[in-house]
Amino acid sequence: CHRVAMPEGGAAGGIRRRVRPGKPPNVSVRTDTAQGHAVTLVSGLDAYGVDMAAMAADLKKVLAASVTILEDPPGTQKGVMVQGFWDVAVIAHLQKAGIPTESLQHQAKKG
């Protein structure tokens with residue numbers, strides 16, 4: 001079993017906590033470039049039942065950066081794109097939110 005605590009949308013906000021059976025699913029946090037700009041991409045949050053709009057708003061407030069929700073084309077996972085190389089800060093935020101450390105896959109772009 002694994003426990004998940006994530007921000008919940010709405011005017012009042014708040015935290016939603018859940019316990020799910022089985023091994024925790026992986027969450028990928030990687031840095032890349034999109035159209036010549038540095039970005040941090042987060043995917044796999046949908047397996048935890050994360051409210052993407054609330055997560056994007058929370059990251060935007062915490063990091064003071066532009067955050068976009070990525071729609072999932074067929075064969076890919078829905079995710080969040082943060083402007084800039086915020087991989088370490090995003091991982092710390094996800095850990096505070098209750099994503100298990102062993103489930104976080106960090107991939108920094110080289111060069």
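Trainee: Let's start with alanine 64: is it buried or exposed?
Mentor: One caution first: this is a predicted model, where local features need pLDDT of at least 70, side-chain atom pairs count only at pLDDT 80 or more, and totals for chains, interfaces and linings use all residues. Residues are numbered from 1 along each chain as its sequence is written, and side-chain values use heavy atoms, with hydrogens and water left out. Buried means under 20% relative accessible area, exposed over 50%, and partly exposed in between, using a 1.4 Å probe and protein chains only. Alanine 64 has 71% relative accessibility, so it counts as exposed.

Trainee: Which loop holds alanine 64?
Mentor: Helices here are DSSP runs of H or I with at least four residues, strands are runs of E with at least two, and both are numbered from the N terminus. Alanine 64 belongs to the loop between α1 and β5 (67-70).

Trainee: What is the phi of alanine 64?
Mentor: As a rule, most residues other than glycine have a negative phi. Alanine 64 isn't a glycine, yet its phi is positive, near 55 degrees.

Trainee: Over in the loop between β3 and β4, what phi does glutamine 35 have?
Mentor: Glutamine 35 does sit in that loop, and it is exposed because its relative accessible area is 81%. Glutamine 35 is not a glycine either, but its phi is positive, at about 55 degrees.

Trainee: What share of the contacts with a separation of 6 or more comes from residues 24 or more positions apart?
Mentor: Contact here means heavy atoms within 4.5 Å. Taking the contacts with a separation of 6 or more, residues 24 or more positions apart account for 54%.

Trainee: On to the helices: how are α1 and α2 oriented to each other?
Mentor: Helix α1 (residues 52-63) and helix α2 (residues 87-97) pack at an angle of about 125 degrees, with axes 11 Å apart. The axes are lines fitted to C-alpha atoms, for helices over the stretch in contact, and angles run from 0 to 180 degrees between N-to-C directions. Under 35 degrees counts as roughly parallel, over 145 as roughly antiparallel, 65 to 115 as roughly perpendicular, and the rest as oblique. So α1 and α2 are oblique.

Trainee: Which residues of α2 make that contact?
Mentor: The α1 side brings Met55, Asp58, Leu59, Val62 and Leu63. On the α2 side, the residues are Ala89, Val90, His93 and Leu94.

Trainee: Now threonine 40. Which backbone nitrogen lies 2.8 Å from a polar atom of its side chain?
Mentor: Threonine 40 is in strand β4 (residues 37-43), and it counts as buried because its relative accessible area is 0%. Leaving aside neighbours within four places in sequence, its contacts include Val80, Gly84, Trp86 and Val90. The backbone nitrogen at 2.8 Å from the threonine 40 side chain belongs to tryptophan 86.

Trainee: And which backbone nitrogen does the side chain of threonine 31 reach?
Mentor: Threonine 31 is in strand β3 (residues 27-34), and at 7% relative accessibility it counts as buried. Leaving aside neighbours within four places in sequence, it is in contact with Val39, Thr40, Phe85, Asp87, Gln107, Ala108 and Lys109. At 2.6 Å, its side chain reaches the backbone nitrogen of lysine 109.

Trainee: How far apart in space are threonine 31 and glutamine 107?
Mentor: Glutamine 107 lies in strand β7 and counts as partly exposed at 49% relative accessibility. Not counting residues up to four places away in sequence, glutamine 107 touches Val29, Arg30 and Thr31. Threonine 31 and glutamine 107 are 76 residues apart in sequence, but C-alpha to C-alpha the separation is 6.6 Å.

Trainee: Last one: is serine 103 buried or exposed?
Mentor: Serine 103 lies in the loop between α2 and β7 (104-107). Leaving aside neighbours within four places in sequence, it is in contact with Pro24, Pro25, Asn26, Val27 and Tyr48. At 2% relative accessibility, serine 103 counts as buried.

Definitions and conventions: A polar contact is a pair of N or O atoms within 3.5 Å; within protein, one must be able to donate a hydrogen and the other to accept it, and residues adjacent in sequence count only if both atoms are side-chain atoms.
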